[in-house]
Amino acid sequence: RLKALAVAAAAAAALAFGAVPADAAPYWQTVNTGSSNWFCTAYKHHSVSDHVNWKVCEVTNASNDAQVVVIVQNAASTAISIGGSVKSSYGSSGTCFTSTLNPGFTRGCYGQTVRYSSDGWWIQGTLTVNGVTDIWTS
């Protein structure tokens, strides 16, 4: 009973302090990079189309945890097939299932949340669009 109470209290504290990360892969998810704890590269075009844009990001929290994200934006007039993965030098990684991304939508593939380390920092994103894979290391 005491253990259950402690687990419930920890979960409530995590919710109260915003320490709950976005779910990690394998599903593409909506993204909102507008808060100050998102650090992203600029969008660049995928080699398949100038209308498919993508970038890699890192999301941090006050507890010194972080997760990496590869984000894709479909500005084309037709649906595309996407698949992707993301990994970092400090162990956050994830691979997302192949999925359809309709025109006008943006989705992210999230790595798991891990303790952040800035030693030798890098992020690598892989995005496959309609069978063509691009890799981006930041």
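For these notes I call a residue buried under 20% relative accessible area, exposed over 50% and partly exposed in between, with a 1.4 Å probe and protein chains only. The model is predicted, so I take local features only at pLDDT of at least 70 and side-chain atom pairs only at pLDDT 80 or more, while totals for chains, interfaces and linings use all residues. Residue numbers run from 1 along each chain as its sequence is written, and side-chain values use heavy atoms, with hydrogens and water left out.

Aromatic pairs. I searched the whole structure and got four. My rule is that rings of Phe, Tyr and Trp (its six-membered ring) pair if their centres lie within 6.5 Å; planes under 30 degrees apart are stacked, over 60 edge-to-face, the rest tilted.

I looked up Trp38 and Tyr110: the centres are 6.2 Å apart and the planes at 80°, so this pair is edge-to-face. It links distant parts of the chain, with Trp38 in strand β1 (38-40) and Tyr110 in strand β7 (106-110), 72 residues apart. Strands here are DSSP E runs of at least two residues, numbered from the N terminus. Trp38 is buried at 13%, and Tyr110 is buried at 4%.

Next I checked Tyr90 and Tyr116, also an edge-to-face pair, at 5.0 Å centre to centre and 70° between planes. Tyr90 is in the β5-β6 loop and Tyr116 in the β8-β9 loop, so the pair ties together parts 26 residues apart in sequence. Tyr90 is buried at 11%, whereas Tyr116 is partly exposed at 23%.

Charges over rings. I need NZ of Lys or CZ of Arg within 6 Å of the ring centre and within 35 degrees of the ring normal. Lys44 has its charged end over the Trp136 ring, 4.2 Å from the centre. For Lys55 I find the charged end over the ring of Tyr43, 4.3 Å from the centre.

Key. Helices (H or I, at least four residues) and strands (E, at least two) are DSSP runs, numbered from the N terminus.
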